[in-house]
Amino acid sequence: MTDTPILVSTAGRVGLIRLNRPAQLNALNDALMDALGAALLAFDADPAIGAIVITGSDKAFAAGADIAAMADYGYMDVYGSDFITRNWETIRQVRKPVLAAVAGFAMGGGCELALSCDIIVAAESARFALPEIKLAMMPGAGGTQRLPRAVGKAKAMDMCLSARMLDAQEADRYGLVSRVVPDAELFERTLALATQIAGYSLPALLAIKESVNRAWESSLAEGILFERRELHARFASADAKEGMHAFLDKRKPAFQHR
Ligand code: CO8
């Protein structure tokens, strides 16, 4: 079982990916990141899937990039092979909503992986940190960029420079996570949320995710123009017609994801 770095399954319209290196607290090595990227792209291309959940174990979502794998890398090993970019960034290509269900440690690259997801559901036991400074390293999978956008400069600098670890309630208060739930309910509650999301019209979900992400990448005027064009495009969608008419007819909509 531990030879398989991830476990992949489905539940209705939800694609499930469990990180599976328990002995290493799901430390993220190339084999795991390659498999994760392939699973994400496969779910993204599957019309029967509307949302994706990434989770870890009760003890760790992921304790970071695999330090044992990285310890002896030289500059040309990482520059030449485009370390991180080559497989960690696959998640950025995913257009469907991706939820992280986080229990235990989400540290370093594990925290960065969670930050790359669209929604983080945290168990009470979740712990978030970017402790690379303790290794004389630095966050390298978007942490210095996504964390300040999520929690603001003050908290991000504190976390990156001092290795401060946030518990789930702090992470909730600072805007790093979307929801906090009891540990025993983490999987079930995240799956219920993903199932709810996956039941909505897929093209509307894609447009919303793209528009919200655009808020990070553009000026307000550009972002609002992008949103307006996406809204106009909704009027070409069969599901939007169905959604609005179902409301007026006081019945449940039957979306066809088109
Ligand atoms: N890499 C490799 N192995 C790890 C890692 C890791 N990141 N984290 C834990 N392990 C291993 C331990 O070595 C240990 O193995 P063994 O049983 O063979 O000794 C096993 O997992 C269990 O770990 P612990 O015994 O340490 O468990 P504890 O419960 O005592 O402590 C902690 C849990 C606090 C999470 C602790 O394991 C820890 O501090 N881990 C390292 C956390 C860390 O520094 N993460 C950042 C790594 S660097 C990084 O992610 C970014 C690098 C730069 C950019 C690259 C982009 C990602």
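How far is an oxygen atom of the ligand from an N or O atom in the side chain of Lys59? The distance is 2.7 Å, and it counts as a polar contact, a pair of N or O atoms within 3.5 Å. This is a predicted model, in which local features need pLDDT of at least 70 and side-chain atom pairs count only at pLDDT 80 or more, while totals for chains, interfaces and linings use all residues. Residues are numbered from 1 along each chain as its sequence is written, and side-chain values use heavy atoms, with hydrogens and water left out.

The backbone also takes part: a nitrogen atom of the ligand lies 2.9 Å from a polar backbone atom of Ile67, and an oxygen atom of the ligand is 3.4 Å from a polar backbone atom of Ala23. Of the 1000 Å² of accessible area that the ligand has on its own, the protein covers 63% (Shrake-Rupley method, 1.4 Å probe).

In total, 25 residues surround the ligand, the closest being Lys59, Ala63, Ala65, Ile67 and Gly109; a residue is included if one of its heavy atoms lies within 4 Å. This shell comprises 16 nonpolar, five polar and four charged residues (Ala, Val, Leu, Ile, Met, Phe, Trp, Tyr, Cys and Pro count as nonpolar, Asp, Glu, Lys and Arg as charged, and the others, Gly among them, as polar).

The second topic is a helix pair. The axes of helix H9 (residues 202-217) and helix H10 (residues 220-234) come within 9 Å and cross at roughly 175° (axes are lines fitted to C-alpha atoms over the stretch in contact, with angles from 0 to 180 degrees between N-to-C directions; helices are DSSP runs of H or I with at least four residues, numbered from the N terminus). H9 is therefore roughly antiparallel to H10, a term for angles over 145 degrees.

How values were computed
Polar contact = N/O pair within 3.5 Å; in protein donor to acceptor, adjacent residues only side chain to side chain. Helix = DSSP H or I, 4+ residues; strand = E, 2+ residues; numbered from the N terminus. Parallel < 35°, antiparallel > 145°, perpendicular 65-115°, else oblique.
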